[in-house]
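Open the structure in your viewer and keep the selection tool at hand. The tour moves from one selection to the next.

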Amino acid sequence: MKIGFIGLGNMGGPMAANLVKAGHTVTGYDVAGVTIDGASSASTAAEAATGADVVITMLPNGGILRSVADDVIPAMKPGAVLLDCSTVDVESARDVAAQAAKAGVGALDAPVSGGVGGASGGTLTFMVGGSQAAFETAKPLFDIMGQKAVHCGEAGNGQAAKICNNMILGVTMIATCEAFALADKLGLSREAMFDVVSTSSGYSWSMNAYCPAPGVGPKSPADNGYLPGFAAELMLKDLRLSQQAAEAADADTPMGEAATALYSQFVENEDGLGRDFSAMLPRFETKSRG
Ligand code: NAD
């Protein structure tokens with residue numbers, strides 16, 4: 001396929017490289033001037049989109065996605081598909097899809113989980129919203145860049161799945177960290193805490209697969225000085241998107257709201273910026289009740 005790839009950062013760069021490796025013709029564009037070996041470089045987003053069968057975007061936020069969509073949709077050929085893999089708000093995803101439909105272009109919102117490791121290893125999971133026809137067009141590309149693509153329904157539903165999942169993740173990570181900090185103060189060893197909880201009803205991905213306590217459970221960022229991994233500021237971004245969506249949909253999400261407030265405090269007023277999101281555990285260790 002002929003692919004335009006816009007946004008060649010930590011995630012987009014390796015994803016584009018995997019498409020090149022698989023034999024697709026890739027034209028890349030990034031405002032920062034990043035280039036990819038084996039891909040040609042366009043000097044504008046519209047140029048990268050011209051003549052492409054699929055245009056992939058991997059951008060920081062919904063505002064930037066909207067402005068890039070304004071540039072690329074008019075340049076795309078009829079029947080081509082705009083495949084946005086960024087994590088953005090549901091409303092931006094739905095608006096961009098509607099704009100694409102008006103121009104006779106397909107659109108998918110397909111945010112990912114798996115992080116930078118998944119992007120370079122081609123093992124991402126895609127959560128996809130949009131038409132079945134557009135999903136079928138993009139399927140061979142999901143197979144190269146990832147290990148799984150779940151079609152979640154109409155436009156915006158991929159973003160909805162992503163932010164609901166990450167709201168659970170933020171909440172369970174905080175719960176796991178505060179429970180470890182309480183267990184410490186009660187004199188329970190971390191090993192005993194892990195052994196019990198990981199096989200009891202308090203288990204979760206945060207405890208079992210990504211344990212925030214160093215030296216306990218499988219290797220995780222806690223064993224690497226809390227270097228990300230999944231940075232606390234990216235968790236904060238996703239939690240804020242969940243609260244923006246909850247506000248718009250009039251959904252009551254008190255735990256999501258509390259998690260957002262705590263990560264915002266950690267990232268913006270404490271030392272959370274640039275640390276893994278599981279560094280909530282050393283944060284709780286420094287706190288007392290009052
Ligand atoms: P990044 O900041 O490394 O990359 C974004 C790239 O977009 C940058 O290279 C930037 O120069 C480029 N860009 C910005 N504005 C542009 C424009 N107008 N036109 C062209 N290029 C533009 O971010 P990232 O870590 O690659 O994340 C990208 C998206 O993936 C985000 O939405 C993020 O939330 C999501 N995500 C990231 C991770 C992760 O672990 N990094 C995991 C899952 C999802």
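In which loop does Gly229 lie? Select Gly229: it lies in the loop between helix H9 (205-208) and H10. Helices are DSSP runs of H or I with at least four residues, strands are runs of E with at least two, and both are numbered from the N terminus.

Before going on, note that this is a predicted model, in which local features need pLDDT of at least 70 and side-chain atom pairs count only at pLDDT 80 or more, while totals for chains, interfaces and linings use all residues. Residues are numbered from 1 along each chain as its sequence is written, and side-chain values use heavy atoms, with hydrogens and water left out.

The peptide bond from Pro228 to Gly229 is cis, with omega near 15 degrees. Next select Tyr226, which is also found in the loop between H9 and H10. The phi of Tyr226 is near 65 degrees, a positive value in a residue other than glycine. Most residues other than glycine have a negative phi, and most peptide bonds are trans.

One of its oxygen atoms is 2.6 Å from an N or O atom in the side chain of Asp30. A polar side-chain atom of Lys237 lies 2.9 Å from an oxygen atom of the ligand.

Last, select Asp95 and Arg66. Their side chains meet in a salt bridge, 2.9 Å from N to O (a side-chain nitrogen of Lys or Arg within 4 Å of a carboxyl oxygen of Asp or Glu). Asp95 is in helix H4 (residues 90-102) and Arg66 in helix H3, 29 residues apart.

Terms used: A polar contact is a pair of N or O atoms within 3.5 Å; within protein, one must be able to donate a hydrogen and the other to accept it, and residues adjacent in sequence count only if both atoms are side-chain atoms.
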